[in-house]
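Subject: Structure handover

Hello,

Here is the structure you asked to see. Please keep it open while you read.

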Amino acid sequence: MNPPKFMQNFIQYMYDYYSKDCGKLLVHMGALATLFGSIAQVMAVITDKKLDKDQKKFLLPQEGADAFVNVTMTYTVCDLIKRLGDKIVEKGKFLTDDLAKAIINIKPELASDIKDWKNIITTADLKNHKLTELLNNPKLLNVFKGCSDDTIKNVMPAVDKALDIAETHKNNVGIVTSIAASVLAANIITPYLRNIIASKLQKRSIKKEAVEIRKRQITENITTRRPLPPSFKAFRNYNPYHDVSV
C-alpha cells in the first residue's frame, strides 16, 4: 500500500531541503523538540490538581520564561554556530585533503603540491563567491575566464566530483557544529540565562504577593495590635491607611 500523496510530498520536501544539510535538520529538530518539551512542562503545571491557584500563578510565569529561553537559545545559538561552520568551509578555511586533491584535479598543471589548490580557486575568487557557488559555475573562476565552452565542458567531470566532495564535507562540518552548539546551548548558556530570568520573576512575584497581603491586612484591620473592645464597635471598620482628602 502506497502512502498518501500528501505524505509522499512531505517526504520529498524533507529530502530536498535537508539531504545536503543535515546540520540544519539537527538545529530545526532540536528546537522543535525543545518547544514540545516546554509546552508539556507548562501543561503539566496547568493540569496539576495538587497545585492551588496561587502556586500556579507563581509557577506559570517561571515555566513560560524557561520555555522562551530554552527554545530561543537552542535555535539561535545552534543556528549561529552552524552558520559559522558553513562560512568557514565556503571561504576555503577548513578543507580536507580529499577536497583539496579534487580541486587540483580540475586543472592539475597549475599545482605541484596539495596546498596549490589555491592556484585553481584563488583567494580573489573566494572573496566574491562561495566555494560551492564557484564549483557550481566554474566560469566564475579566474582560471577559466575567457575560456571556450568546450574547455569548460572537458573539466566538468572533475568539477562535479569536487563539488560533491565539497557538499559532503560542508554537510559533515554542519553536523559536528550543530551537535557542539546544542551541547553548549543546553548545558551552559540556557541554564545561565534561565536562572537570571527566573530570579527576577521570583523577586517580582514575591514583591507582588507581599503587596497583596498588605492590602488584605489593611482592609481587614489586621494591622491593629490589639482587638478593639466592644464599646469601640463603631470604629472597627476604620482604616487608618485610607487617604482622606481635607
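Below is what was found in it, starting with the whole chain and ending with single residues.

First, the ground rules. This is a predicted model, in which local features need pLDDT of at least 70 and side-chain atom pairs count only at pLDDT 80 or more, while totals for chains, interfaces and linings use all residues. Residues are numbered from 1 along each chain as its sequence is written, and side-chain values use heavy atoms, with hydrogens and water left out.

**The whole chain**

The protein chain has seven helices and zero strands. Here helices (H or I, at least four residues) and strands (E, at least two) are DSSP runs, numbered from the N terminus. Along the sequence the pattern reads α-α-α-α-α-α-α.

The chain has 246 residues, and 28% of them are buried. Buried means under 20% relative accessible area, exposed means over 50%, and partly exposed lies in between (1.4 Å probe, protein chains only). The chain exposes about 17,300 Å², and carbon and sulfur atoms supply 59% of that area. Accessible areas come from the Shrake-Rupley method with a 1.4 Å probe; for residues, only the protein chains shown count as cover.

Now the contacts, meaning heavy atoms within 4.5 Å. Take those with a separation of 6 or more: residues 24 or more positions apart account for 59% of them.

**Helix 1 against helix 2**

Two packed helices are described by the angle between their axes and the distance between the axes. For helix 1 and helix 2, the angle is about 120 degrees and the axes are 8 Å apart. Axes are lines fitted to C-alpha atoms, for helices over the stretch in contact, and angles run from 0 to 180 degrees between N-to-C directions.

Which residues meet here? Helix 1 brings Met14, Tyr17 and Tyr18, and helix 2 brings Cys22, Lys24, Leu25 and His28. The residues of this contact divide into five nonpolar, one polar and one charged. In this count Ala, Val, Leu, Ile, Met, Phe, Trp, Tyr, Cys and Pro are nonpolar, Asp, Glu, Lys and Arg are charged, and the others, Gly among them, are polar.

**Salt bridges**

Side chains of opposite charge can pair when their charged atoms come close. A salt bridge is a side-chain nitrogen of Lys or Arg within 4 Å of a carboxyl oxygen of Asp or Glu. By this rule there are seven salt bridges.

Start with Asp21 and Lys82, whose side chains form a salt bridge at 2.6 Å, N to O. Asp21 lies in the loop between helix 1 (5-18) and helix 2 (22-47), and Lys82 lies in helix 3 (residues 53-90), so the pair ties together parts that are 61 residues apart in sequence. Both residues are buried, with Lys82 at 4% relative accessibility.

Lys82 also forms a salt bridge with Asp86, at 2.6 Å, N to O. Lys82 and Asp86 are four residues apart in helix 3, about one turn of the helix. Asp86 is buried too, at 12% relative accessibility.

Arg83 and Asp79 form another salt bridge, at 2.7 Å, N to O. They are four residues apart in helix 3, separated by about one helical turn.

**A nonpolar patch**

Met29, Leu32, Leu35, Phe36, Ile39, Met43 and Ile46 form a nonpolar patch on the surface. Together they have about 600 Å² of accessible area. Patches are made of residues with over 30% relative accessible area and no salt bridge: like charges are joined within 9 Å, nonpolar side chains (Val, Leu, Ile, Met, Phe, Trp, Tyr) within 5 Å. Leu32 is in helix 2 and is partly exposed, at 36%.

For each one, neighbours within four places in sequence are left aside in the contacts.

- Ser38 is in helix 2. Ser38 is buried at 7% and contacts Ala67, Asn70 and Val71.
- Ile175 is in helix 7 (residues 149-219). Ile175 is partly exposed at 25% and contacts Cys22, Gly23 and Leu26.
- Ala185 is in helix 7 and is buried at 1%. Ala185 contacts Met73, Thr74, Val77, Thr190 and Pro191. Ala185 and Asn70 are 115 residues apart in sequence and 8.4 Å apart in space, C-alpha to C-alpha.

Best wishes
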